[in-house]
Amino acid sequence: MWLATYANRHNNTMSAYSPPFCAEQERAFSWQTLWLLLCFLAVALGGGVLGSPFVTYVFTFGVAGAGVLVFSVGRSMNTLLAILLVYALCAFYYTLWGLAFFEQDTRNLLAVFKNLLILAGMAWVAVHFRGFPRWLPLTLAAYFLLLTVQPWQAARFSLPWAGYLMNTYVPLAVFFLAFYTVTAKQPHRAFIPASGSLYVGTLLVLISAPVGWLVSHILLDTELISLQQALKGYSHIEGYPRNWWAYLGGNLYLRLSGTAEDPIFYGYLAGFFAYIWLVRGALVWAGLLTLIVIAAVAKGAMMLLLGGVAFWTVLHFLHPLSFLRSLLGALLLAALVGFYVVASGVSQTSADIHVLGLWLPFEQVLKGEVGLFQVLFGHGIGSSGNLYKAMMGSELSHLQWLQGGAESGFGLVFYQTGAVGLGLLLALIACGFKRCQTSAARGLWLVYWANAAVQENLINLNFITLLLVTVAILELSDLRLSDKKDRANASGHYQPHRRA
């Protein structure tokens, strides 16, 4: 009931005070998002059809440059969302097609293509950085840069080093610079997302479910899936990758992945959209997307929804009661951990590896097995984790894998970059909570990073980009801008300013 009341109150505000440019640009930018989706997909397919490595790389870097220009003339968050949707919902089947025709690992090329576009976009947003404390995210970026060139780097210039640099450390640094931009009091208009793009994205995610089921189970040769996923080191069950299956009640079920390569990311994608629609009071959209989260058996995305709504409720209703709010927040965090353990037990998955991945890197320090230098500065970027294990294969034991922080975002950052790197990350997370102005964004922010403590994938580029786009939608939507204008008109002395 309170969700509907909250949404109606803000919808009335928006209809009364909505800026005149919103209606036309809403439609224009929704079509712009769809146009970007089609263009990026067409270029990616074109690179594969031509088959020439030279032409393919020209396409890759050319479109990356074009992506930078798009950010300068359009709405940046719409463009980031479009790129993610292209990669998430189209790249998997393009990869299969590329393997079938050219026998090459097109997945790596697509990943580079997508990373360049998204990093260029977040860098464009970061150029407009404003507000104190500027030194903190810049310190994080400088520290990661130092670690990449240090002479004592254990995994310097290896494939795991490059993978973690481009998927974790550079994205984290650029993410926080961009995040401080979009959470300024007076953000650049080019960052403000249009609701029309949200509708386009939601429809694509929903349509992806039946299309993916049809293609994967009826039209597609499962040998292609086996070949594509073998490149990632996954074992298979009945021709499908092991991570596509889940045990529920003693039975094996195929997880819903839509047209995405990974059911986990598909579940998170639907979860972020569901949270946005829930905040806006659109319960039908939120309910449909939540069904996808459940069908994908993405426990982290379930935590995102449940915990985000719980924290949002606490922050919304107990805003003046700081002590009670903090107490309930601590209880909710404990409940989330309990939910994760119970859910893992029911689905018969290995919950312990996530907890051990967080604990074991610190246990080595407590036992005195790690020197002071490594405690402070880590073992080197790319010296542990899932990507490192994929490259090392059987040479890395299960215990060594977990001692390197694998499956835990915080454990991995501590092992690879030390107490300095993890301390900077935690400080930025704490400051980021204060910079979020809406209770919905704050609730999502808390749950996301709490989940990142036991989920390595949440410190990777795809997921933190989803977080940036979602926070921008929650913080900068026309809904909030109209509400701010309403309050300003009521007070009669509104003065725009940037957040200190």
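Select Val297 first. In this predicted model, Val297 is buried, because its relative accessible area of 12% is under 20%. Its place is in the loop between helix 11 (283-295) and helix 12 (299-317). Look at the backbone here: Val297 has a positive phi of about 50°, although it is not a glycine. Most residues other than glycine have a negative phi.

Now move to Glu407, in the loop between helix 17 (398-403) and helix 18 (409-435). Is Glu407 buried or exposed? Glu407 is buried, with a relative accessible area of 16%. Glu407 also has a positive phi, of about 75°, and is not a glycine.

Select Ser383, which lies in the loop between helix 15 (372-377) and helix 16 (385-392). Ser383 is buried as well, at a relative accessible area of 13%. Ser383 and Pro160 are 223 residues apart along the chain, yet their C-alpha atoms are separated by 7.3 Å.

**The whole chain**

Zoom out. How many helices and strands does the protein chain have? The secondary structure comes to 21 helices and 4 strands. The chain has 500 residues, and buried residues make up 53% of them. Among contacts between residues at least 6 apart in sequence, 77% join residues at least 24 apart.

**Helices 10 and 11**

Return to helix 11 and select it together with helix 10 (residues 263-279). The two pack at an angle of about 160°, with their axes 8 Å apart. Helix 10 and helix 11 are therefore roughly antiparallel to each other, as the angle is over 145 degrees. Helix 10 passes helix 11 in a left-handed crossing.

To see the contact, show side chains on both helices. From helix 10, pick Tyr266, Gly267, Ala270, Gly271, Phe273, Ala274, Trp277 and Leu278; they meet Leu283, Trp285, Ala286, Leu289, Thr290, Ile292 and Val293 in helix 11. By class, this contact of helix 10 with helix 11 has 12 nonpolar, 3 polar and no charged residues.

While you are in helix 11, select Leu291, which is placed there. Leu291 counts as exposed, at 55% relative accessibility. The C-alpha atoms of Leu291 and Ala270 are separated by 8.9 Å, and the two residues are 21 residues apart along the chain.

**Helices 6 and 18**

Next, select helix 6 (residues 135-149) with helix 18. Their axes come within 10 Å and cross at roughly 155°. Helix 6 and helix 18 are therefore roughly antiparallel to each other, and helix 6 passes helix 18 in a left-handed crossing. On the helix 6 side, the contact is made by Leu136, Pro137, Thr139, Leu140, Tyr143, Phe144 and Leu147. On the helix 18 side, it is made by Thr417, Val420, Gly421, Leu424, Leu425, Ala427, Leu428 and Cys431. The contact of helix 6 with helix 18 has 12 nonpolar, 3 polar and no charged residues.

**Helices 19 and 20**

Follow the chain to helix 19 (residues 439-452) and helix 20 (residues 461-476). They pack at an angle of about 165°, and their axes are 9 Å apart. Helix 19 and helix 20 are therefore roughly antiparallel to each other. Helix 19 passes helix 20 in a left-handed crossing.

Which residues meet between helix 19 and helix 20? Helix 19 brings Ala440, Ala441, Leu444, Trp445, Tyr448 and Trp449. Helix 20 brings Phe463, Ile464, Leu467, Thr470, Val471, Leu474 and Glu475. These residues of the contact between helix 19 and helix 20 divide into 11 nonpolar, 1 polar and 1 charged.

**Last stop**

Stay in helix 20 and select Thr465, which is found there. Thr465 is buried, with a relative accessible area of 0%. A polar atom of the Thr465 side chain lies 2.6 Å from the backbone oxygen of Leu461. Not counting residues up to four places away in sequence, Thr465 touches Leu80, Leu84, Ile118 and Met122. Select those residues along with Thr465 to end the tour.

Notes: Residues are numbered from 1 along each chain as its sequence is written. This is a predicted model: local features need pLDDT of at least 70, side-chain atom pairs count only at pLDDT 80 or more; totals for chains, interfaces and linings use all residues. Side-chain values use heavy atoms; hydrogens and water are left out. Axes are lines fitted to C-alpha atoms, for helices over the stretch in contact, and angles run from 0 to 180 degrees between N-to-C directions. Angles under 35 degrees count as roughly parallel, over 145 as roughly antiparallel, 65 to 115 as roughly perpendicular and the rest as oblique. A crossing is left-handed if the near helix is turned anticlockwise from the far one by less than a right angle, and right-handed if clockwise. Contact means heavy atoms within 4.5 Å. Ala, Val, Leu, Ile, Met, Phe, Trp, Tyr, Cys and Pro count as nonpolar, Asp, Glu, Lys and Arg as charged, and the others, Gly among them, as polar. Buried means under 20% relative accessible area, exposed over 50%, partly exposed in between (1.4 Å probe, protein chains only). A polar contact is a pair of N or O atoms within 3.5 Å; within protein, one must be able to donate a hydrogen and the other to accept it, and residues adjacent in sequence count only if both atoms are side-chain atoms.
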